[in-house]
Amino acid sequence: MNQRNEPSFRESVDLMFNRAVALMDLAPGLEEKIRVCNATYTVRFGVRLRGQIQTFTGYRSVHSEHMEPVKGGIRYAPSVHQDEVEALAALMTYKCALVEAPFGGSKGGLRIDPRQYDEHELEQITRRFAYELAKRDLIHPSQNVPAPDMGTGEREMAWIADQYARMNTTDINARACVTGKPLNAGGIAGRVEATGRGVQYALREFFRDERDIEKAGMSGSLDGKQVIVQGLGNVGYHAAKFLAEEDGCVITGIIERDGALFNPAGLDVEAVHNWIRKHGGVTGFPDAAHSAEGAAVLEEECDILIPAALEGVINLSNADRIKAPLIIEAANGPITAGADDILRAKGTVIIPDMYANAGGVTVSYFEWVKNLSHIRFGRMQRRQEEARHQLVVDELERLDRYLGDAWSMSPDFKKKYLRGADELELVRSGLDDTMRIAYQSMRTVWHEREDVHDLRTAAYLVSIDKVAASYRAKGL
Ligand code: NAD
């Protein structure tokens with residue numbers, strides 16, 4: 001507990017878990033087995049940098065091994081600590097179960113501010129951390145497969161994959177030891193955008209059912225909805241960009257480390273993103289009001305609030321002032337258990353993290369399968385699919401000639417129909433399907449069980465049920 005009597009991140013996850021299991025009929029002891037974190041490994045290692053040895057602290061936590069490998073990102077942030085890594089590992093267990101990615105839950109973290117180091121130094125640190133984890137099988141294609149998280153990305157994953165391959169020179173599946181790699185190092189098309197894309201697909205599915213829209217006291221579609229995003233990093237940037245460009249949402253607020261931008265007429269996400277890249281923050285961006293007190297913008301009027309930065313940002317100190325009727329947790333754990341109680345009581349609808357940001361692990365799953373099968377998705381089928389479509393088009397063209405003016409093919413039908421799906425299209429299709437099905441499983445519980453009043457409890461019920469079934473199948 002902290003000063004405000006706020007539970008820690010891990011306690012918050014446990015409280016939410018407890019709320020759900022109270023509604024289940026689990027065998028005695030199984031509830032405890034599922035909740036606890038199996039193991040957390042702490043490593044302290046030294047790297048010689050700038051003429052002296054610097055010591056770093058890292059963690060890899062394994063929450064549940066009901067399925068292996070276990071999966072979860074590696075985070076680089078100065079605030080990383082054991083409680084946080086364990087909470088994130090637990091969320092990974094529930095998340096993978098919910099979206100039917102065949103993994104147990106894990107998470108890693110390195111206590112470091114990556115902005116304080118240059119690329120070469122970060123490579124040395126990452127390789128050493130990867131070495132420490134790999135030699136204990138905490139990075140391994142069939143046991144533990146990391147991915148990017150806050151402060152890490154494709155570059156770090158490529159270093160980790162290379163480090164593992166150097167240590168395991170005869171492992172033909174070495175590339176499957178980590179996901180989120182760049183395409184040229186065994187990555188998959190669509191992984192970088194995946195988590196933000198998943199947030200978009202989640203919202204689209206929410207707006208497909210009138211009952212859900214009504215529960216949030218809203219109406220209509222995504223078109224024209226006012227959105228505030230916190231954190232314009234990997235997840236927040238892609239979610240905001242796709243929602244604005246493809247669904248007609250108006251991004252009215254963007255909150256970053258150095259304050260927030262606000263413009264009721266809508267912010268140009270691409271322009272803000274470029275500005276941050278160039279200037280390191282949002283300060284000074286033209287065409288918007290800047291507020292140094294960024295977190296206060298979470299409390300502004302909007303239709304959809306997307307916390308996509310870090311945990312605990314909506315807590316006991318601000319929950320009652322949050323006005324958004326719909327919050328989608330793109331980050332992990334942005335709403336504390338106490339704030340969740342306050343928001344639920346107000347009728348705010350929360351699309352929970354374990355579902356909302358599952359796009360990342362879903363596409364990581366596709367990448368892992370691609371690495372193990374050693375072939376790009378679509379490589380065998382694409383031209384064959386085009387050839388079959390060509391047959392249909394040839395027939396339609398014959399009909400076209402025969403019917404004369406009475407009928408003709410629409411101008412771009414032929415171009416669109418003839419093209420076989422490439423890897424990116426297949427990945428997006430698989431992600432869309434996964435996000436729809438997982439949402440529908442939560443929706444059914446939410447609407448059909450009288451004792452379930454929110455999507456988070458529904459999500460826990462669906463996923464714990466699956467984890468429990470795995471344990472039972474193992475004879476536990
Ligand atoms: P990132 O490092 O790419 O982006 C984080 C962004 O948040 C950065 O732009 C940073 O400047 C900003 N930020 C940091 N502190 C802030 C503060 N106090 N106020 C406002 N903004 C702040 O990280 P990411 O990969 O986008 O991850 C964000 C969240 O999404 C994390 O909770 C992570 O666990 C979760 N997540 C990420 C993935 C993924 O695939 N990357 C998958 C699932 C969940």
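This is a predicted model: local features need pLDDT of at least 70, side-chain atom pairs count only at pLDDT 80 or more; totals for chains, interfaces and linings use all residues.

Trainee: How far is an oxygen atom of the ligand from an N or O atom in the side chain of Arg75?
Mentor: The distance is 2.8 Å. Residues are numbered from 1 along each chain as its sequence is written, and side-chain values use heavy atoms, with hydrogens and water left out.

Trainee: And Glu256, how far is its polar side-chain atom from an oxygen atom of the ligand?
Mentor: 2.5 Å. For Arg257, a polar side-chain atom is 2.9 Å from a ligand oxygen.

Trainee: How much of the ligand does the protein bury?
Mentor: It buries 85% of the 820 Å² that the ligand exposes when taken alone. Those areas come from the Shrake-Rupley method with a 1.4 Å probe; for residues, only the protein chains shown count as cover.

Trainee: Which residues come nearest to the ligand?
Mentor: Arg75, Asp149, Thr195, Glu256 and Asn332, out of 22 around it. Being around it takes a heavy atom within 4 Å.

Trainee: Which domains does the shell around the ligand draw on?
Mentor: Domain 1 (37-185) and domain 2 (194-359) each give at least three residues. The bounds come from an automatic or database domain assignment. That assignment also gives domain 3 (380-421). The centres of domain 1 and domain 3, over C-alpha atoms, are 48 Å apart.

Trainee: New topic. Why is helix 16 described as largely enclosed?
Mentor: Because 14 of its 19 residues are buried. Buried means under 20% relative accessible area, exposed over 50%, partly exposed in between (1.4 Å probe, protein chains only). Helices (H or I, at least four residues) and strands (E, at least two) are DSSP runs, numbered from the N terminus.

Trainee: What sits at the start of helix 16?
Mentor: A side-chain oxygen of Asp454 comes within 3.3 Å of the backbone nitrogen of Arg456. Just after the helix, Gly475 has a positive phi of about 90°.

Trainee: Last one. Is Tyr94 buried or exposed?
Mentor: Tyr94 is buried, at 1% relative accessible area. It lies in helix 3 (residues 82-98).

Key:
A polar contact is a pair of N or O atoms within 3.5 Å; within protein, one must be able to donate a hydrogen and the other to accept it, and residues adjacent in sequence count only if both atoms are side-chain atoms.
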